Each structure stands twice: as C-alpha cells, then as structure tokens.
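Reader: Hi! I'm new to this, could you walk me through a protein structure?
Author: Happy to, let's look together.

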Amino acid sequence: MSKLIIWSLLFSVLIISPFIGAVSLHVEDIFNASHLSSTIFFDLRVPRVLFAFFAGVILSISGLLFQTLFRNALMTPYTLGISSGAVLGAGIAIKLGLGSLLFGIAAISVFGFLGAIFTVFLLIYLSQFLKSSQQESLLLLGIALSLFYTSALMIIFYLGDTMQNDMLIRFTMGSLSVIGWQNPIALGIIAFFILLTVYMYRFELQLLSISDESAKLKGVDTKKITLLLLIVSSFGIGTLVSISGPIGFIGLIVPHIVSKIYPSTLSKRIIKTALFGGLFLVLCDTITRGLQTQSELPIGIVTALIGGPFFIYLIISRSKR
C-alpha cells in the first residue's frame, strides 16, 4: 500500500508540475494558441518537466550502474569526479568562446563529453594499481580528481572576463531551465538509449554485482561489458552536464531508496530506478519553482542539500556494519 502511495504522489507531481511557477496558469487558457499562457505552458513548462524527468533517468541509472560495477554503495558519476570532468570541459569551451563544432553540435556539449570520458578512462587506468580489496581507494581517487578539476575551473574563472565568469557561476550551480523542445527530445533519446543498453545487459550486471570471478565463470567478458557500460553512461552524463550543469547526488539517493522499497534482484530494479529517478528530480525542480523567492533557486543546490546529509548517513551506516 505504501508503494502505491509513493508512486501516486510522484506521478501527481509530474502532472501538476507544469502549472507551478512564477506565473499562474489556467487550464482554459493553455489551449488557446493566442494566449500567453499557452506559450508558457507548451514552450517552457512542459519541456522543462520532460527535461527534468529524462535528466533524472540518466542520473539514477548511471548511479545504479556505477554502484553495481564497482560494488560500492558510494560510487556515482558525481562522487567519482566524472561530473566534475564534464564541468571542466564545458568551462574550457566557455573560456575559449567556442560556439558550435561539426554538424552544428555545441562545443560545450562536445567538451563536456570529452571531460567525462577522459575521467572514466583515467579512473579505469588508475584502478589497475589498486587491489580488489581497495575499492574504497577508488572513491578517494575520484574525490581527488574532483578537487583538481575544481582548482582548474577556478583558474579559468580567475582568467575569464565578467561575462564568462557569470556564465560559469550559473553553469556550476546547475539549472533545468530550457526553452523549446530541442534539448528535452535529445536528452530523451539519450536516456532511452542508456536505459535500453543497461536493460539488455541486466543479467550480466547481476553477475558483476556479485564478483568479477562469478561473471567470468558464466562466460561474461567482464572488461568489455564494464568498459561499454561506463562509456555509454559517461556519454549521457557528459551531455547532460554540458546542458544543465552539475546536478549531484540523484545517482546516489535514488538507487538506495528503490532498493529499500523493492529489495529484489538488480535486474528487476532497473526500470523502477529509472522512473523513480525521473519523478524524483521533477519533484525537486517543482519545489525550486514553487518557492516564492526573488530568483529561482538552482536545482544543483537543492539536490546537494538533500544529498549531502544522505551521503553522511550512508558512510556512518556502512561503518557500523
């Protein structure tokens, strides 16, 4: 019964979210094409809600993927520094004043993806020097990389002009503000691709969650599958961060909440984690738009306020085992 209530509340938020914001909307006005409410609803609010949902799907699935592959409840693209790598890449593109590259693709998106994928390969390389019993050290490596990337971003900030610095500050806080349907559709395609890829390898992931040895005994090419899934996930994270900026802790919180609600096998939790992650981020975004503040509170700050204490709770609970 409690599961039904939770899902009902989250889906209710998804429905009412487009109606919440600085401007009040009425149902009879949004279907009038000549009315301003229609433009606000269909060009701003609905695309933003869908963008938030798909962003939540990517973040939560990536978090589940990293926690499974590294068999550590604290591993996410955010805590391993992959998001920070994407932010640094996007920051470099902003500093260089690059617009678009090949085929009209935004340079910020390309540099964000390159920053994320570089960090993944760097972590894979560094993990070769760690024993299987030292996976906690990989988390420390991720934290060290995050600090290094943050320092490099501060150098870019110091050398930038006022306009570039303003863009960087707003970018690093995270935002789900989008105009039109281009970004939501692109992110929706990426989210579907990541979800489909992870679901196709759900049984291999189930074996990998136990140990590499168990997976190898079943004929699983552990290195190939691990690299493939990490690249696919990093592509999604890099693209997302290049558009919205960093949105932390969704990949940490959601997989744990879903595992508490549904203590079943990993393969049965993938779709539920994706849905819950999307709806949870829509809820967070609805809260930021519902607050009567002078300016909208960045989504990255809200998720950090929720995720920070949750991260501390996980560390303490793990140490008590």
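**Rings, cores and charges**

Author: Trp7, Phe11, Phe276 and Phe280 form one aromatic cluster; rings of Phe, Tyr and Trp (its six-membered ring) pair if their centres lie within 6.5 Å, and planes under 30 degrees apart count as stacked, over 60 as edge-to-face and the rest as tilted. This is a predicted model, in which local features need pLDDT of at least 70, side-chain atom pairs count only at pLDDT 80 or more, and totals for chains, interfaces and linings use all residues. Residues are numbered from 1 along each chain as its sequence is written, and side-chain values use heavy atoms, with hydrogens and water left out.

Reader: Thanks! How many aromatic pairs does the count come to?
Author: The count comes to 10 aromatic pairs. One of them is formed by Trp7 and Phe276, an edge-to-face pair with 5.7 Å centre to centre and 85 degrees between the planes.

Reader: And where do Trp7 and Phe276 lie?
Author: Trp7 is in helix α1 and Phe276 in helix α13 (residues 266-290), so the pair ties together parts that are 269 residues apart in sequence. Helices here are DSSP runs (H or I, at least four residues), numbered from the N terminus.

Reader: Are Trp7 and Phe276 buried or exposed?
Author: Both Trp7 and Phe276 are buried. Buried means under 20% relative accessible area, exposed over 50%, and partly exposed in between, with a 1.4 Å probe and protein chains only.

Reader: What about Phe11, buried or partly exposed?
Author: Phe11 has a relative accessible area of 37%, so it is partly exposed. Its place is in helix α1, which covers residues 2-16. With Tyr199, Ile271 and Leu275, Phe11 forms a nonpolar patch on the surface, and together they have about 310 Å² of accessible area.

Reader: What counts as a patch?
Author: Patches are made of residues with over 30% relative accessible area and no salt bridge; like charges are joined within 9 Å, and nonpolar side chains (Val, Leu, Ile, Met, Phe, Trp, Tyr) within 5 Å. The areas come from the Shrake-Rupley method with a 1.4 Å probe, and for residues only the protein chains shown count as cover.

Reader: New topic! Which residues have the most contacts inside the largest nonpolar core?
Author: Those are Ile58, Ile61, Leu176, Phe276 and Leu281, in a core of 79 residues. Helix α3 (residues 36-69) gives the largest share of this core, 13 residues. Apart from it lies another core, of 5 residues, including Leu25, Ile30, Ile40 and Phe41. A nonpolar core is a set of buried Ala, Val, Leu, Ile, Met, Phe, Trp, Tyr and Cys residues joined through side-chain atoms within 4.5 Å.

Reader: Okay, charges now. How many salt bridges are there?
Author: The count comes to 2 salt bridges, where a salt bridge is a side-chain nitrogen of Lys or Arg within 4 Å of a carboxyl oxygen of Asp or Glu. Arg48 forms one with Asp285, and the closest N and O atoms are 2.7 Å apart. This pair links distant parts of the chain, with Arg48 in helix α3 and Asp285 in helix α13, 237 residues apart.

Reader: And what does Asp285 do with Arg289?
Author: The side chains of Asp285 and Arg289 meet in a salt bridge too, at 3.2 Å from N to O. Asp285 and Arg289 are 4 residues apart in helix α13, so about one helical turn separates them. Salt bridges that share partners join Arg48, Asp285 and Arg289 into one network.

Reader: Why does Asp285 count as buried?
Author: Asp285 counts as buried because its relative accessibility is 1%. Arg48 counts as buried at 8% relative accessibility, and Arg289 is buried with a relative accessible area of 8%.

Reader: Last one: where does Thr222 lie, and what does it touch?
Author: Thr222 lies in helix α11, residues 222-244. Thr222 is buried, with a relative accessible area of 6%. Leaving out residues up to four places away in sequence, Thr222 touches Leu208, Asp212, Ala215 and Lys216.

Definitions and conventions: Helix = DSSP H or I, 4+ residues; strand = E, 2+ residues; numbered from the N terminus. Contact = heavy atoms within 4.5 Å.
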